[in-house]
Amino acid sequence: MTTTSLTTGPSWARLPRRHVPVLVTLALLLVMYGIGVSQYRAFSNIQVIFNVFIDNGFLLVVAVGMTFVILTGGIDLSVGSVVAMTAMVSAWLLQSGLPALVVLVIALLIGPTLGFLMGCAIHFFDLQPFIVTLAGMFFARGMCTFISDASIPITDGFWTTMSQYRIGDPRGNFVSISVLIAFAVVLVAAYVLSYTRLGRNVYAIGGNPQSALLMGLPVARTRIAVYTISGLCSAIGGILLSFYTLSGAPLIAVGMELDVIAAVVIGGTVLTGGSGYIFGTVLGVLVLGVIQTLITFDGSLNSWWTKIVIGGLLFAFILFQRLIGIRYK
Amino acid sequence: MTDSRPVLTMTGISKSFPGVRALHNVDFRLFPGEVHALMGENGAGKSTLIKVLTGVYGIDEGTITLGEEQVAFNGPMQASAAGVSTVYQEVNLCPNLSVAENIFIGREPRRFGAVRWGEVRRRARQLLARLDLDIDVTAPVASYSLAVQQMVAIARAIDVQARVLILDEPTSSLDAGEVEQLFRIMRQLRDEGIAILFVTHFLDQVYGMADRITVLRNGTLVGEYPTAELPQLALVEKMIGKELDVLEGIEEHSRRDLAALEGGTPFMEVSQLGRKGAVAPFSLTIHAGEVVGLAGLLGSGRTEVARLFFGADRADRGEVAVSGKPGGLRNPVQAIERGIGFCSENRRAEGIIPDLTVRENMILAMQASRGWLRPIPRRRQDELVEQYIKALSIRPANPDVPVRNLSGGNQQKVLLARWLITEPRLLILDEPTRGIDVGAKAEIQKLVVQLSDGGMAVLFISAELEEVLRLSHKVAVMRDREMVAQLNNDDTVNADRVMQTIASGSQREEADK
C-alpha cells in the first residue's frame, strides 16, 4: 500500500481557526482606538496608551494568572479578594515597621499559598472550582476587614519610589515601574505556556482531562499549579495596586475577578478550556482600558457605561466563540 | 514464536469493585512478536484486566512480571515508560492540540527546559511516515477522522520503544478500509517483535490477525488457545459458556412475509423528508410490526435519518405522518408523545447517565413521558426494573449499582430497557450491537424479533450487513447521505447485492425523481 493521505478540509480553513478570536479582538481594539483618535484630538497622544497600561497593569497581571486557570477549564473567583488582601497585608506590615523587603516576600507568599490550598481542594476532593474559589474569595475579603476596617496609608520609602518613579522619553511620555513588571509577567507567562511542559499540560487538561490522565500527564500537579500561579499573579497584582494607590483598603478591587474573567474571555480564551493565548489576554485588558478611556474622554457619560459596554462585548464574544465553533468536546 | 520466553506474565490476578467481582484468579501470558486476542463477553473482565496491567487500577491479588522483573505500575505513564502502551477504544487524545503534540506531549524533546517544536514536528512526521500516514502534523487532532486519530494514538504508543502494545477495541468505529490499514500496521509492528494484545468483538478480525486467543468469562480464565486449533464456533461457546443456537433460531424467523405487514396500516410515513447538509430528501414507510433495516457505510447518513425520525434534528423539507395523522416532528418530546423511542449510537455521550443507578437510568424516559409531577411509585419501579433486568439478562442483576460500573454491553441493555419500559410503537435502534459481544448481540437481535412479532415497528441501523439482513423485512440503503434504494428482504437479497447497491448507488427504486 502506498502512502495514504487522509486530510480533511482545505488547510486554509483549518489553520487560522485557533487564531481567529485573537484577531477579532485585535481588530476591535484598533477600531475603538480609531474612534478615539477621530473624535478627540488628544487621544492620539502616545501617553494615552501608556496611561491605559499604568492604570491597568495590576489587572493585566491578574488576568495572566486567570488565563492559566481558564485554559484548564477552571475558574478562580478569589483573585479580587487576594489582590485586596495582599495590598492590605503589605500596608499593615509596613505600618508596623517591618522592612520593605520582608513585607514584599511575605505579601508575595500569601496569594500562592491560598491558591495552592484551593488547587488541592479542587483536585483531591473533586470539588467545583467555582465553589472552592468562592470560599477563597470570602475568606480573603474577610481577612482584609479583620486586619482593619479602614484604609491604611503607605508611607514607606521603597513603595513611594516605586509609585512615583517615571521611566520616560525626553518629550515627557512615561510609564511606571509597574508597567514593566506587568510586561515581564506577560513575557514569562507566554513563554511558560508555549515552551514548557507545564504550559502544554495546561492546554492538554483543558482539551480533555480524561485523555490527559490516560496519556500519563501529571494532571494533579498541573491543576494545583495553575491555581498557585493564579494566586501568585494576584499577589503581584496586589503589590502593584498598592504601588498605585499607596494604601491598603479593605474594600478595594471588589468585583475585580469579574473584570478579569471578562478580559480573558474577550481576549479569546474559551471558558471550557484548551484554547487561548496570553497575547489575547493582553488585548482583552487593553479593550477594557480603552473603553474606560473613551468614556473618560467623552466626559458626559456616566462611568457605569463602561460596565454596559463590557457586558455587551462579553455577550457578543461568547456568542461569536460558539458560532465559529471552538467546541472540541 | 512460542519457543521464546513470554515478555509479559500475569499470574493469579484478582480484582473487585464494590458489588462486582471483576477478575478472579486470572492468568495471562504474552510473547514477543505475537498478536494475542483477549476475548470474552461484555463484563467478562477484559477491560479490567487491561486497566490492572497498566496501573489504572491496583490489584487485589496476583503478580505481573514484565521481562524478568515483577512490576506494579502506578499509572499509564509508568507503564508506558516501561514499554507497555495502550490505545483505548475511545481515542484518548487531546482534540485541541496538534497531531505532533499529541504524539509527544509528556516527553517532548527539550533544550534547557524549552520544548523544541521543530524537533517535535520532525520526529512526528518521521514516526507517521513509518505508519505510512501523510498528514499535516501541525493541524489539531480534532480535524481528522477517528481512524486517523486512532493511528496517531498508535504512533504515540509505539514511540516509547514499546515492548507490549495493547489495542482495546481499536476497530469498533472504523470502516473496512480503515481496519485494513490498521491491520497492516499491526502486522508490521508484530514483525518488529512487539507483543500486541488485541481486544475486539469482531470474530473475523480475530481469525484474521491473532496468533493465540485467551478467553475470559465472568471474570475468570476459560483458557488460552492457538487460533488455528480453536474453531470459531468453539470460541463462541467458550465465551458464552453454553451452546449457541440462539442465532440459528433467529435465522428461521427472518425473511418473513412482508406483504402481510404492508397490508396493515402504516405507523409512520415520511415523504421527501430532508435536511440540508445532513441527508437528501427521502420517503420511507414503516408499518406496525415491521423491521426496517438501514444499511450503508459509516458517514453515509444512517444516523442522520434516525435523528430526523426522532425529531432530534429538524427537517427543513418534507412531510411526516404518524398513525395517519400528519404533522412535523419538531423535537424529541413530540416524538416520544407519539410513541417513538430512540436508542442513540453514542451511548456514552447521549444515552447513559453514568452516575445514576441501573434503576434510575431505566425509568428515566418513562418518568419524562409522565411528567415530573407524577412520580412513578417505588413499587412499580422495582417491578419494571426487575422484569427488564431479567428479560435482558443484565449483569450484575442489581438495580442499585451505578451504571458506570457496568460493561458496555450491559449499559446498552439498560438503555434499551429505558425505551422498552415506555412501550413505544416505533423503536429506533442506532448501532445497538456495536462494541458488544456475541452473546449480548444475539440476545438483542432476538429481542428485536420478539418486539416486532409483538407489533412494534423497529428502525434498525447497523454497520454489519449480516445483522441487518437477518432481522429486517425491508432494507433501505444509504450512500453519500442519500437513500439510494429500498429492497424487500426476500430470497433475492443478500449481502452481496446490498454491497453492490452501496458501491454503485444503482437500483434507485424510491429515490427522488
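**Exercise 1. Find the handedness of the crossing of α3(A) and α12(A) in this predicted model, and describe how the two helices pack.**

Step 1. Start with the crossing itself: α3(A) and α12(A) cross in a right-handed way.

Step 2. Now look at the geometry. Helix α3 of chain A covers residues 46–71, and its packing angle with α12(A) is about 70 degrees, with the axes 9 Å apart. Angles of 65 to 115 degrees count as roughly perpendicular, so α3(A) is roughly perpendicular to α12(A).

Step 3. Next, pick out the residues that meet. From α3(A) come Leu59(A), Val62(A), Ala63(A), Met66(A), Thr67(A) and Ile70(A). They face Asp259(A), Val260(A), Ile261(A), Ala263(A) and Val264(A) of α12(A).

Step 4. Finish by sorting them: the contact of α3(A) with α12(A) holds nine nonpolar residues, one polar and one charged.

**Exercise 2. Work out how α12(A) packs against α14(A), and which classes of residue make the contact of α12(A) with α14(A).**

Step 1. Helix α12 of chain A spans residues 256–266; α12(A) and α14(A) pack at about 40 degrees, and their axes are 9 Å apart.

Step 2. An angle under 35 degrees would count as roughly parallel, and roughly perpendicular begins at 65. The pair α12(A) and α14(A) is therefore oblique.

Step 3. Check the hand: α12(A) passes α14(A) in a left-handed crossing.

Step 4. On the α12(A) side the contact uses Ala262(A), Val265(A) and Ile266(A). On the α14(A) side you will find Ile310(A), Leu313(A), Leu314(A), Phe317(A) and Ile318(A).

Step 5. The class count for the contact of α12(A) with α14(A) is eight nonpolar, no polar and no charged residues.

**Exercise 3. Stay with α14(A) and describe its packing with α13(A).**

Step 1. Helix α13 (residues 278–298) and helix α14 (residues 305–324), both of chain A, pack at an angle of about 140 degrees, and 9 Å lies between their axes. Roughly antiparallel needs an angle over 145 degrees, so α13(A) is oblique to α14(A).

Step 2. The crossing of α13(A) past α14(A) is right-handed.

Step 3. α13(A) brings Leu288(A), Ile291(A), Gln292(A) and Ile295(A) to the contact, while α14(A) brings Trp305(A), Thr306(A), Val309(A) and Ile310(A).

Step 4. Six of the residues in the contact of α13(A) with α14(A) are nonpolar, two are polar and none is charged.

**Exercise 4. Compare the UniProt "transmembrane region" record for chain A with the model.**

Step 1. The unreviewed UniProt entry places this feature at several stretches of chain A, among them 20–36, 48–71, 277–297 and 304–324.

Step 2. Take residues 20–36 of chain A: the stretch is 100% helix and 0% strand, and its end C-alpha atoms are 24 Å apart.

Step 3. Then take residues 48–71 of chain A, again 100% helix and 0% strand, with 31 Å between the end C-alpha atoms.

**Exercise 5. Which element of chain A gives the most residues to the side that touches chain B?**

Step 1. Count both sides: 29 residues of chain A and 31 residues of chain B take part in the contact.

Step 2. List the elements of chain A that give two or more residues: α1 (11–14), α9 (197–207) and α10 (209–214).

Step 3. α9(A) gives the most, with six residues.

Step 4. By class, the chain A side has 10 nonpolar, 16 polar and three charged residues.

**Exercise 6. Trace the domains of chain B and examine where domain 1 touches domain 3.**

Step 1. Chain B splits into domain 1 (8–241), domain 2 (245–339 + 425–513) and domain 3 (346–423).

Step 2. The C-alpha centres of domain 1 and domain 3 of chain B are 31 Å apart.

Step 3. Their contact takes six residues from domain 1 of chain B and nine residues from domain 3 of chain B.

Step 4. The domain 1 side of that contact has two nonpolar, three polar and one charged residue.

Note on methods:
Residues are numbered from 1 along each chain as its sequence is written. Chains are lettered from A and ligands numbered from 1 in the order in which they are written. This is a predicted model: local features need pLDDT of at least 70, side-chain atom pairs count only at pLDDT 80 or more; totals for chains, interfaces and linings use all residues. Domain bounds come from an automatic or database domain assignment. Two residues are in contact if their C-beta atoms, placed from the backbone, lie within 7 Å. Ala, Val, Leu, Ile, Met, Phe, Trp, Tyr, Cys and Pro count as nonpolar, Asp, Glu, Lys and Arg as charged, and the others, Gly among them, as polar. Axes are lines fitted to C-alpha atoms, for helices over the stretch in contact, and angles run from 0 to 180 degrees between N-to-C directions. Helices (H or I, at least four residues) and strands (E, at least two) are DSSP runs, numbered from the N terminus. A crossing is left-handed if the near helix is turned anticlockwise from the far one by less than a right angle, and right-handed if clockwise. UniProt positions are given in the numbering used here, feature names are shortened, and annotations may be inferred rather than shown by experiment.
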